[in-house]
Amino acid sequence: TLHYFLSLDSSNKTALELTRRESGHGHLIIAEHQVAGRGRRGRAWVSPFGENIYFSLIWSFQSGLAALEGLSLAVGLALARTLSKAGVSGVGLKWPNDVLIEHKKVAGILLELSGEAGGVCQVVIGVGVNVEMQDQMGQITQPWCSLRPYLPEGYGRNRLLADLLQELVAVLQVFQREGFVAVKQEWMSFSVHQGLAVRLQAGEQCTEGVMVGLTDTGGLRVATEQGEEVFHGGEVSVRAL
Ligand code: BTN
């Protein structure tokens, strides 16, 4: 079911409210503008009117929470695959789920758990794509870019949204059946940090090492002076050194 809005606080917030009223699966909330767009780690997602894409998809998984560890990476892969198939070059993924073009962030993903009951997890998958961002540079605190200059002539926003949703549903179905491991190699083919020195920040704690790959469930494997360490999503941020 498609729920289309001109303006919302946040499509994730609206999706979470919907899941509290009914046990939906496959609902899609789209907004042209968000007053209080939510980003990862408590940040805001700048969401002006224009050509950008803001949507939240409600998806139910017949599995416990532990099986969903690599889900946000799988969603990132669906975005990267879509852009790549559209002919965009320089597409990359930064663990856990930033989508980059030439090392600048073009899209973000925010997963929010609506509930877990009887072995079923209901998740809100929020996606924001900077298709054509104007005059917001001062508000965004990391390198970013708009997608428009990289898209082929005539490849419009509606086509992009349709292609994105098609890849997303395909990846979600594979993830449901086989887990993250089924798309791990493809994810790695987009990884911008593989084999590079990185710094990981988790609150006050900082670790340096070399990214050596991912676990089968999407954890980040880093070779440090103390040996290999595995990091899990949540509050960890990663930067190249
Ligand atoms: C990030 O910080 O990288 C995640 C950004 C996620 C933004 C999207 S826009 C649609 C959905 N609704 C929200 O409030 N946030 C997500």
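N12 counts as buried because it has 28 C-beta neighbours inside 10 Å. The cut-offs are simple: a residue is buried if 20 or more other C-beta atoms lie within 10 Å of its own, exposed if 12 or fewer, and partly exposed in between, with C-beta atoms placed from the backbone. This is a predicted model, in which local features need pLDDT of at least 70 and side-chain atom pairs count only at pLDDT 80 or more, while totals for chains, interfaces and linings use all residues. Residues are numbered from 1 along each chain as its sequence is written.

N12 is found in helix α1, residues 11-21. Helices (H or I, at least four residues) and strands (E, at least two) are DSSP runs, numbered from the N terminus. Q34 sits in strand β2, residues 28-34. Q34 counts as buried too, because 26 C-beta neighbours lie inside 10 Å.

The table lists contacts of these two residues, leaving out residues up to four places away in sequence. Two residues are in contact if their C-beta atoms, placed from the backbone, lie within 7 Å.

| Residue | C-beta neighbours inside 10 Å | Residues touched |
|---|---|---|
| N12 | 28 | R38, S56, L110, E112, V124, G126 |
| Q34 | 26 | L8, D9, S10, S11, S47, Y54 |

Now the domains. The chain is assigned domain 1 (2-190) and domain 2 (197-240). Such bounds come from an automatic or database domain assignment. Taken over C-alpha atoms, the two centres are 23 Å apart.

Last, the core. A nonpolar core is a set of buried Ala, Val, Leu, Ile, Met, Phe, Trp, Tyr and Cys residues joined through C-beta atoms within 7 Å. The largest one has 56 residues, of which A74, L77 and L79 touch the most other members. Helix α2 supplies the largest share, 9 residues. Domain 1 and domain 2 each contribute at least three residues to this core. A74 touches V171, F175, F180 and V183, not counting residues up to four places away in sequence.
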